[in-house]
Amino acid sequence: METFLQQLFNGLTVGSVYSLVALGLTLVFGILHIPNFAHGALYMLGGYVTLTMMTSLGLHYWIAILLSMVVVGLIAVVMERLIFHPLKDAPPLQDKIAAIGILLFLEALAQFIWGAEYRTMPTPYGQVIEIGGLTITLQRLLIVGAAIVIMIGLHLFLRKTMTGSSIIAMAQNRDGAFLVGINANKVAMLTFLISGALAAIAASLAAPINLVSPGMGHLVILKAFVIIIIGGMGSIPGAIMGGYILGFSESLGASYISNDYKDLIAFVLLVLILSIKPQGLFVKEGHS
């Protein structure tokens with residue numbers, strides 16, 4: 001039972017990171033219908049910027065995270081303005097190719113600046129505590145707690161503010177949003193800003209228990225795409241629930257099946273769920 005509970009908590013930790021990454025990805029897709037493959041590079045940059053702020057500038061962990069969210073969010077906005085906005089009327093394939101090009105460019109840039117070696121991010125929350133027979137690090141508790149706070153904050157922002165309502169309106173019916181005077185350019189930039197910030201904080205929270213490297217976003221972004229397909233393309237509840245479903249499945253699968261195959265579980269889940277419900281678990285309401 002202790003092993004089972006330990007794996008459940010590990011799944012909660014991993015699922016929290018997946019959900020934060022998938023949230024940023026699904027926001028962009030739900031509003032702009034852009035499958036932003038470069039989101040994995042934003043995740044990677046978030047880890048490196050936080051690490052650099054801590055090690056080179058000596059900033060506290062939380063201050064470094066906040067600055068990383070701002071920097072990566074602004075990079076995402078520049079990406080939208082310079083790359084995706086000019087392609088808004090282009091054939092659908094072109095923005096996908098552009099996103100892959102951005103991904104490769106940012107990874108090459110990261111390798112040029114920081115090198116190809118794996119690096120460890122320090123954390124002030126490395127203490128290990130025992131709770132009911134479970135061995136838990138404060139960093140893992142921090143990941144779960146921070147993810148919950150961010151998700152609640154994002155929900156309140158989208159539901160209780162005019163700006164958030166504009167984002168939801170764009171996601172549900174783009175033509176209707178235009179008719180009531182919503183500025184599509186501002187919504188697009190804000191969406192990319194939030195998306196980049198979510199990727200940055202997800203990487204900054206996860207990096208102390210993993211490693212930082214130029215390719216750290218590869219597997220995460222693949223799983224994030226699996227999550228938003230499983231949950232329903234453009235569905236925010238689907239992104240959250242899909243992230244936790246995948247996190248629990250991987251953790252329990254690694255413990256009771258084999259750690260060697262845990263990364264395959266995402267794609268097995270994808271096939272199983274789409275065979276039962278092709279539109280995903282949470283079908284997006286409305287249209288755009």
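**Figure 1. What lines the largest pocket of this predicted model.** Sort the lining residues of the largest pocket by type and you get 14 nonpolar, eight polar and five charged. That makes 27 residues around the pocket, which has a volume of about 730 Å³. If you want to find the middle of the pocket, look for Tyr-18, Asn-210, Val-220, Lys-223 and Lys-262, the lining residues that lie nearest its centre.

**Figure 2. The helices around the largest pocket.** Which helices supply at least two residues each to the lining? They are α1 (2-32), α8 (184-206), α9 (217-231) and α10 (236-256). Helix α1 gives the most, with six residues.

**Figure 3. A stacked pair of rings, Tyr-48 and Trp-114.** The model has five aromatic pairs in total, and this view picks out one of them. Why does the pair Tyr-48 and Trp-114 count as stacked? The ring centres are 4.5 Å apart and the planes meet at 10 degrees, so the pair falls under the 30 degrees needed for stacking. The two partners come from distant parts of the chain: Tyr-48 sits in helix α2 (residues 39-55) and Trp-114 in helix α4 (residues 92-114), 66 residues apart. Both Tyr-48 and Trp-114 are buried.

**Figure 4. A cluster of rings.** Here Tyr-61, Trp-62 and Tyr-125 are joined into a cluster by ring pairs.

**Figure 5. Leu-205 and the largest nonpolar core.** In soluble globular proteins, nonpolar side chains tend to be buried together. In this model, the largest nonpolar core takes in 82 residues. Helix α8 provides the largest share of that core, 12 residues. Leu-20, Tyr-43, Met-79, Leu-198 and Leu-205 have the most contacts inside the core.

**Figure 6. Met-79 and its surroundings.** Met-79, another of the core residues with the most contacts, belongs to helix α3 (residues 61-84).

**Figure 7. Ser-16 in helix α1.** This view goes back to α1, the helix that gives the most to the pocket lining. Ser-16 counts as buried because its relative accessibility is 0%. What does Ser-16 touch, not counting residues up to four places away in sequence? The list is Ile-143, Val-144, Ala-147, Met-151 and Tyr-244.

**Figure 8. Ala-224 in helix α9.** With a relative accessibility of 1%, Ala-224 counts as buried. Apart from neighbours within four places in sequence, Ala-224 is in contact with Val-21, Ala-22 and Leu-25. How far apart are the C-alpha atoms of Ala-224 and Ser-19? They are separated by 7.8 Å, although the two residues are 205 residues apart along the chain.

Definitions and conventions: Residues are numbered from 1 along each chain as its sequence is written. This is a predicted model: local features need pLDDT of at least 70, side-chain atom pairs count only at pLDDT 80 or more; totals for chains, interfaces and linings use all residues. Side-chain values use heavy atoms; hydrogens and water are left out. On a 1 Å grid over the protein atoms alone, a cavity is a set of points where a 1.4 Å probe fits but cannot get out, and a pocket is an open set with protein on both sides within 12 Å along at least five of seven lines; lining residues have an atom within 4 Å of a point. Grid points are joined across faces, edges and corners, and a volume is the space filled by probe spheres set on the points. Helices (H or I, at least four residues) and strands (E, at least two) are DSSP runs, numbered from the N terminus. Ala, Val, Leu, Ile, Met, Phe, Trp, Tyr, Cys and Pro count as nonpolar, Asp, Glu, Lys and Arg as charged, and the others, Gly among them, as polar. Rings of Phe, Tyr and Trp (its six-membered ring) pair if their centres lie within 6.5 Å; planes under 30 degrees apart count as stacked, over 60 as edge-to-face and the rest as tilted. Buried means under 20% relative accessible area, exposed over 50%, partly exposed in between (1.4 Å probe, protein chains only). A nonpolar core is a set of buried Ala, Val, Leu, Ile, Met, Phe, Trp, Tyr and Cys residues joined through side-chain atoms within 4.5 Å. Contact means heavy atoms within 4.5 Å.
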